[in-house]
Amino acid sequence: MVSNEVTVKNAVGLHARPATFFIQRANEFKSSIWVEKDDRRVNAKSLLGVLSLGIVKDVTIRLIADGSDEEEAINALVSLIESNFSE
């Protein structure tokens, strides 16, 4: 199991379009992946789950992955968030 914290810096946070990019990227991996904010943990491959966290700009989240490609999954998702979803 691997985890990493990252701060969301794009203007709209993890809503609508950025969330869709995030979920699509998470679904490229075999590992189970979760997003944690405060005391809530949701499946990173679930659009409704991710949107339900209400992640806005400057919020720090924890990404957790467990599986055969966990390192690559975390690194790819952190890179996507840090790139501001290529906006």
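**The sheet and its helices**

Analyst: In this predicted model, β2 and β4 pair in the antiparallel sense, and five bridges link them. Strand β4 covers residues 60-66, and β2 covers residues 32-37.

Each of these two strands has a further partner. β4 is joined to β1 by six bridges, again with the strands running antiparallel; here E5 has R62 of β4 as its bridge partner. β2 is joined to β3 by four bridges, and this pair is antiparallel as well. Within it, E36 is bridged to R41 of β3.

Taken together, these pairings give an open sheet of four strands in the order β1-β4-β2-β3, with antiparallel pairing. β1 (2-7) and β3 (40-43) stand at the edges; each has a single partner strand, so one side of each is left without a neighbour in the sheet. On average, neighbouring strands of the sheet are turned by 25° against each other, direction ignored. In a regular strand, side chains alternate between the two faces of the sheet.

R41 also takes part in a contact of another kind. The charged end of R41 sits over the ring of W34, at 5.6 Å from the centre of that ring. As for pairs between aromatic rings, with ring centres required to lie within 6.5 Å, the count comes to zero.

Turning to the helices, α3 (residues 70-82) lies across β1, β2 and β4, and runs at about 155° to β4. Helix α3 also meets α1 (residues 16-26): their axes come within 10 Å and cross at roughly 160°. Angles over 145 degrees count as roughly antiparallel, and α1 and α3 are therefore roughly antiparallel to each other. Their crossing is right-handed. On the α1 side the contact is made by F21, F22, R25 and A26, and on the α3 side by A76, L77, L80 and I81.

Terms used: Residues numbered from 1 in each chain as written. Predicted model: local features only at pLDDT ≥ 70, side-chain atom pairs only at ≥ 80, totals over all residues. Heavy atoms only, no water. Phe/Tyr/Trp six-rings, centres within 6.5 Å; stacked < 30°, edge-to-face > 60°. Lys NZ or Arg CZ within 6 Å of the ring centre and 35° of its normal. Pairing = 2+ DSSP bridges. Axes fitted to C-alpha atoms, helices over the stretch in contact; angles between N-to-C directions. Contact = heavy atoms within 4.5 Å. Parallel < 35°, antiparallel > 145°, perpendicular 65-115°, else oblique. Left-handed = near helix turned anticlockwise from the far one by under 90°.
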